[in-house]
Amino acid sequence: FSRFRDLGLRSAEGNTVLFLSLASSAKESADAVRAINRLRQSGRSLNVLSFGDIDPAQFGLEGPVEHHHRPPQSEIARLYSRANIFVAPSLSEGWGLTLGEATGCGAALLVSDATGHFEVVRPGRSAFFFRRGDSDRLAEKLAFLIDRPSLQLALNRNARTDFAPY
């Protein structure tokens with residue numbers, strides 16, 4: 001939490017979403033893209049941020065995105081601090097380091113039910129979970145969280161508590 005801390009850059013609107021955009025199919029960045037596209041097609045206003053080794057347009061992301069190709073950790077901390085919600089749609093995950101980083105920077109967590117995610121956060125308390133590979137459910141839960149900035153804050157506060165032993 002010393003390197004990844006909240007820099008106070010978050011929008012009060014609650015609609016800035018961040019996700020990793022990685023070529024690895026295990027990270028399932030394409031699910032995040034499908035969910036974002038679905039919400040945008042329904043008329044939702046979203047600010048989308050991503051970072052990683054591949055531009056999310058290659059997964060078919062429609063509309064604007066601010067993508068950062070392999071940024072340094074200092075820039076990653078700034079991205080997390082701008083995000084209201086960090087989406088982690090991984091099919092497989094070890095410990096979930098990015099969840100700790102996002103939490104430290106103040107983002108609420110929306111994560112897949114990959115085993116490693118359960119190691120560090122708890123469903124409904126410190127993160128919202130969705131079934132791996134279910135981009136429709138991801139979109140529903142993302143819309144639900146966007147509409148509830150106070151819930152975003154509560155999830156983050158609880159995640160900080162859950163991460164405290166680490």
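Guide: Helices and strands are runs assigned by DSSP and numbered from the N terminus, and the structure we read with them here is a predicted model.

Visitor: In what order do the elements of the protein run from the N terminus on?

Guide: The protein has five helices and six strands, and from the N terminus on they follow the order β-α-β-β-α-β-α-β-β-α-α. The radius of gyration of the protein is 14 Å, close to the 15 Å that the globule rule gives for 166 residues, so the protein is as compact as a globular protein of that length.

Visitor: How many strands form the sheet, and in what order?

Guide: Strands pair if DSSP finds at least two bridges between them. In this case six strands form an open sheet with parallel pairing, in the order 3-2-1-4-5-6. Strand 3 (66-69) and strand 6 (128-130) each have a single partner strand, so these two stand at the edges with one side left without a neighbour in the sheet. From one strand to the next, the twist averages 20°.

Visitor: How many bridges join strand 4 to strand 5?

Guide: Strand 4 (residues 85-88) and strand 5 (residues 108-112) run parallel and are joined by four bridges; in strand 5, Ala108 is the bridge partner of Ile85.

Visitor: Which strands does helix 4 lie across?

Guide: Helix 4 (residues 135-146) lies across strand 1 (16-20), strand 4, strand 5 and strand 6, and it runs at about 165° to strand 6.

Visitor: What percentage of the 166 residues is buried?

Guide: Buried means under 20% relative accessible area, and buried residues make up 53% of the 166 residues in the protein.

Notes:
Residues are numbered from 1 along each chain as its sequence is written. This is a predicted model: local features need pLDDT of at least 70, side-chain atom pairs count only at pLDDT 80 or more; totals for chains, interfaces and linings use all residues. Side-chain values use heavy atoms; hydrogens and water are left out. Axes are lines fitted to C-alpha atoms, for helices over the stretch in contact, and angles run from 0 to 180 degrees between N-to-C directions. Contact means heavy atoms within 4.5 Å. The radius of gyration is taken over C-alpha atoms; the globule rule is 2.2 Å times the number of residues to the power 0.38. Buried means under 20% relative accessible area, exposed over 50%, partly exposed in between (1.4 Å probe, protein chains only).
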